[in-house]
Amino acid sequence: MQTAIQMQSNNKLTIDKSAYFDVEKKQLNYMVDNIEDSRYDLEPVNRYALVRKDTGKLLGIHTDDYIIRPYSELAEKVNEVIVEAVPDYERFTITPKDQVLEGGKKFIRTINFWDDAIDINNYKDGGFHIKGTEEKIIPQLRIYSSMDGRWGQQIMWSSVYVVCLNGMVRPDWTFVVYNKHNDKRDISFTMNDFKMGVTAHKELGEDLFKMMQRKVTNNAVTNLFRKTLANRKTKLDIDDNSMLVLKHLDHLWDQYCSKYGSTIFAIYQTATDWATHPITKGAIHNVSRKREKQVAEMMRSNHWEELYG
């Protein structure tokens, strides 16, 4: 059931119609030989296929405790919290984007809040501004869910660097709320959760300013990447690195170093670019989310702390 907000096509919190579709749960069976009648009997198993009613596409196979939670309902609940927290939200520049992926198996909704931007122009006198561009970092609310079981329901705050569209990962990168699909309780996202995300975004500006002041050497950068992002974790106590990852990171480092100097901020931009824009044969959204976690881990590592001296 669409609420008044969702039905307004020009509304700043409108949910795309692709998020609205019905799913049915069909029990699976296996064939058992019936020797007496020379035929097969079908015996049910505790596995159910989730199938889109409109396309007939198989979205996932789960046990009976898997609860179907429509993407549209999750998006609507977040909208309700935003309206509660910001009653006059229509005065602000807000841009949502909905992505229904793999025929309905996964869902991503991002909501950008442009009026709470961190203006990098404020730092141009320090040589960190790219001439001729309007550099800003805006808060972004992300919503994830799936029907194939790969993602639970997740709502998290992030930030986006407008020039290059890099996701601005934080060392305390965590989901604001998380809910498994077999959890009988529904997901909870409150007005306080929303306000905490806005506060965290403002603190990000202070962190980035500190990064801009810290100089680093090329050797220190290479060592950091070897020990973190390019490190292939194995059970053996050896330094095993992915040369392809190192090569890609080195290329990105050269780009950002030329823009921002040999600073920790340039490292940060390199890492977030690598995470946000992966070169991969796989599903970009899966790889990107995995890499964002790796960047957050890098920023919590001793190797990262050593750069601050």
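Rings of Phe, Tyr and Trp (its six-membered ring) pair if their centres lie within 6.5 Å, and planes under 30 degrees apart count as stacked, those over 60 as edge-to-face and the rest as tilted. In this structure, such ring pairs link Phe21, Tyr71 and Phe107 into a cluster. This is a predicted model, in which local features need pLDDT of at least 70 and side-chain atom pairs count only at pLDDT 80 or more, while totals for chains, interfaces and linings use all residues. Residues are numbered from 1 along each chain as its sequence is written, and side-chain values use heavy atoms, with hydrogens and water left out.

**The open sheet of β1, β2 and β3**

- Helices (H or I, at least four residues) and strands (E, at least two) are DSSP runs, numbered from the N terminus, and two strands pair if DSSP finds at least two bridges between them.
- Three strands form an open sheet in the order β1-β2-β3, and their pairing is antiparallel.
- The edge strands of this sheet are β1 (23-34) and β3 (58-62), each of which pairs on one side only.
- From one strand to the next the twist averages 40°, where axes are lines fitted to C-alpha atoms (for helices over the stretch in contact) and angles run from 0 to 180 degrees between N-to-C directions.
- Strand β2 (residues 39-52) is joined to β1 by eleven bridges, and the two run antiparallel; within this pairing Asn29 stands opposite Pro44 in β2, and Asn34 stands opposite Arg39 in β2.
- Four bridges join β2 to β3, which also run antiparallel, and here Val51 stands opposite Leu58 in β3.
- β2 and β3 form a hairpin with five residues between them, and Gly56 in the turn has a positive phi of about 75°.

**Strand β7 and its partners**

- Strand β7 (residues 136-146) is mostly covered, since ten of its eleven residues are buried, where buried means under 20% relative accessible area, exposed over 50%, and partly exposed in between (1.4 Å probe, protein chains only).
- β5 pairs with β7 in the antiparallel sense over seven bridges, and Phe107, a member of the ring cluster, stands opposite Ser145 in β7.
- Strand β6 (residues 118-119) pairs with β7 in the antiparallel sense over two bridges, and the bridge partner of Asp119 in β7 is Lys136.
- Strand β8 (residues 153-161) pairs with β7 in the antiparallel sense over eight bridges, and in this pairing Arg142 stands opposite Met156 in β8.
- β7 and β8 form a hairpin with six residues between them, and Gly149 in the turn has a positive phi of about 90°.

**Aromatic rings and charges**

- By the rule for ring pairs, the count comes to eight aromatic pairs.
- The ring centres of Phe113 and Phe194 are 5.7 Å apart and their planes stand at 75°, so this pair is edge-to-face.
- That pair links distant parts of the chain, with Phe113 in strand β5 (residues 106-113) and Phe194 in helix α3 (residues 191-213), 81 residues apart; both Phe113 and Phe194 are buried.
- The ring centres of Tyr144 and Trp151 are 5.3 Å apart and their planes stand at 85°, so this pair is edge-to-face as well, and both Tyr144 and Trp151 are buried.
- A charge sits over a ring if NZ of Lys or CZ of Arg is within 6 Å of the ring centre and within 35 degrees of the ring normal; Arg52 lies over the face of Phe21 in this way, at 3.8 Å from the ring centre, and Lys25 lies over the face of Tyr48, at 5.7 Å from the ring centre.

**Helices and single residues**

- The axes of helix α5 (residues 243-260) and helix α6 (residues 264-276) come within 8 Å and cross at roughly 135°.
- α5 and α6 are therefore oblique to each other, given that angles under 35 degrees count as roughly parallel, over 145 as roughly antiparallel, 65 to 115 as roughly perpendicular and the rest as oblique.
- Met211 lies in helix α3 and is buried, with a relative accessible area of 3%; the C-alpha atoms of Met211 and Tyr308, 97 residues apart along the chain, are separated by 8.5 Å.
- Most residues other than glycine have a negative phi. Glu102, however, has a positive phi of about 55° although it is not a glycine.
- Glu102 is placed in the loop between β4 (94-101) and β5, and this residue is partly exposed, with a relative accessible area of 33%.
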